[in-house]
Each structure stands twice: as structure tokens, then as C-alpha cells.
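I note at the outset that the model is predicted.

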Amino acid sequence: MSGYRTKYLAKRVFTARDGQAYGELYDLYADRIRKFLFFKLPRKEDAEDLLHETFLRAWEYMTSSMVEDVGALLFRIARNLIADFYRKKTPEALTEALEASLQDTTNIPDALDTHMAGESAVLALKTMKSEYQEVLIMRYLSEMEIDEIASALTKTPNNIRVLLHRAKATLKKILHP
């Protein structure tokens with residue numbers, strides 16, 4: 001992502017409530033947020049709903065406050081919406097949804113095949129700690145830079161590098177015991 005371009009568009013959204021500028025931001029980030037949500041949620045429909053909710057909340061925030069890092073804001077909102085989604089579920093519904101998502105891999109984007117080694121990696125990834133899942137998804141599915149991930153997760157870039165290293169080592173152990 002061009003940092004200057006996104007900052008310029010964010011400024012236009014803040015100062016003039018420019019819908020066209022916001023549309024460009026949507027085009028820049030929607031696929032990355034969608035991939036993140038598809039992986040973290042049990043159904044494709046849930047992911048699409050939360051994608052739209054993410055951008056609605058971002059619009060509300062961006063029209064009232066100047067945003068320096070749009071990507072970090074969007075991923076933070078998406079993470080919070082995922083937490084809210086699972087918090088609202090009953091334990092029985094959550095168990096059923098998670099079992100269905102482990103059996104049904106159709107909600108995982110085709111891009112996953114180019115970044116990870118197929119279904120076994122997906123199932124292994126779903127068994128990992130949430131923190132490891134997030135950094136791997138952001139780095140390899142959403143193709144975010146280390147600094148972008150650090151900003152989105154409110155951690156230092158060095159912390160993200162360590163998390164990525166540990167997550168990859170854990171994934172390797174799961175896939176090749």
C-alpha cells in the first residue's frame with residue numbers, strides 16, 4: 001500500500017466526508033480484510049457481514065477523527081468485531097459453527113493455496129493459538145508488512161518478527177511431527 005496515497009485519502013474522508021476517497025480506501029483494503037475474516041469466522045456469510053460492519057465503523061471513526069494508519073484501524077475493528085461475534089454465541093452454537101468450519105474449507109480463499117500448503121496447513125493453523133493465527137494470516141494471506149501488522153496489533157515490529165518466527169516453528173512442528 002502506498003502510505004502517502006492512503007494518508008491523502010484518509011485526510012479527504014476526514015475533512016470533506018469524501019465518499020469517493022472512502023471508496024478507494026475500500027478497494028485498497030477490502031480483499032485483505034475479507035481474507036482475514038474468512039479465515040477467522042465459521043461461515044462465509046458471517047465474514048461478509050463483518051466486512052461491511054468493519055467499513056461502516058471505520059467510516060464513522062474516520063469522519064470524526066484523523067487516521068494515520070487506515071490498515072491498522074481496519075484490522076483493529078475487524079478483530080474487535082470477531083471477538084464480539086464469538087462472545088455473543090452460545091457455547092452450543094459456537095461448537096457447532098467451529099466443527100462445521102473445520103469440515104468445510106470452502107470459506108477459505110483460493111489465495112491460501114499459493115501461500116500455504118493446502119488443507120492440512122489450514123487445519124493445523126486452526127489448531128494454533130489465536131495470536132499465531134493472526135500474524136500468519138496477516139503476513140501471508142493479507143500480505144501485510146511487518147510494520148502494518150505491528151500497528152494493527154499494537155505491538156512493536158520486533159515483537160511481530162518474534163511472533164512470526166514462533167508461529168512458523170509451531171506450524172512446522174504440527175505439519176511435520
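I first looked up the contact of helix 2 with helix 4. On the helix 2 side I found Leu25, Tyr29, Arg32, Ile33, Phe36, Leu37 and Lys40, which meet Val70, Gly71, Leu74, Phe75, Ala78, Arg79, Ile82 and Tyr86 of helix 4. Sorted by class, this contact holds eleven nonpolar, one polar and three charged residues.

I then checked the geometry of this pair. The axes of helix 2 and helix 4 lie 10 Å apart, at an angle of about 30 degrees. Angles under 35 degrees count as roughly parallel, and helix 2 and helix 4 are therefore roughly parallel to each other. I recorded their crossing as right-handed.

Next I turned to helix 9 and helix 10. Their axes are 8 Å apart and the packing angle is about 100 degrees, which makes helix 9 roughly perpendicular to helix 10. Helix 9 contributes Ile146, Asp147, Ile149, Ala150 and Leu153 to the contact, and helix 10 contributes Pro157, Ile160, Arg161 and Leu164. I counted seven nonpolar, no polar and two charged residues by class here.

Last, I examined the largest nonpolar core. It has 52 residues, of which Leu37, Met62 and Ile160 touch the most other members. Among the elements that give two or more residues to this core are helix 2 (19-40), helix 4 (70-88), helix 9 (146-153) and helix 10 (157-175).

What does Ile160 touch, not counting residues up to four places away in sequence? I listed Val135, Ile146, Ile149, Ala150, Leu153 and Lys155.

Technical notes. Residues are numbered from 1 along each chain as its sequence is written. This is a predicted model: local features need pLDDT of at least 70, side-chain atom pairs count only at pLDDT 80 or more; totals for chains, interfaces and linings use all residues. Side-chain values use heavy atoms; hydrogens and water are left out. A nonpolar core is a set of buried Ala, Val, Leu, Ile, Met, Phe, Trp, Tyr and Cys residues joined through side-chain atoms within 4.5 Å. Buried means under 20% relative accessible area, exposed over 50%, partly exposed in between (1.4 Å probe, protein chains only). Helices (H or I, at least four residues) and strands (E, at least two) are DSSP runs, numbered from the N terminus. Contact means heavy atoms within 4.5 Å. Axes are lines fitted to C-alpha atoms, for helices over the stretch in contact, and angles run from 0 to 180 degrees between N-to-C directions. Angles under 35 degrees count as roughly parallel, over 145 as roughly antiparallel, 65 to 115 as roughly perpendicular and the rest as oblique. A crossing is left-handed if the near helix is turned anticlockwise from the far one by less than a right angle, and right-handed if clockwise. Ala, Val, Leu, Ile, Met, Phe, Trp, Tyr, Cys and Pro count as nonpolar, Asp, Glu, Lys and Arg as charged, and the others, Gly among them, as polar.
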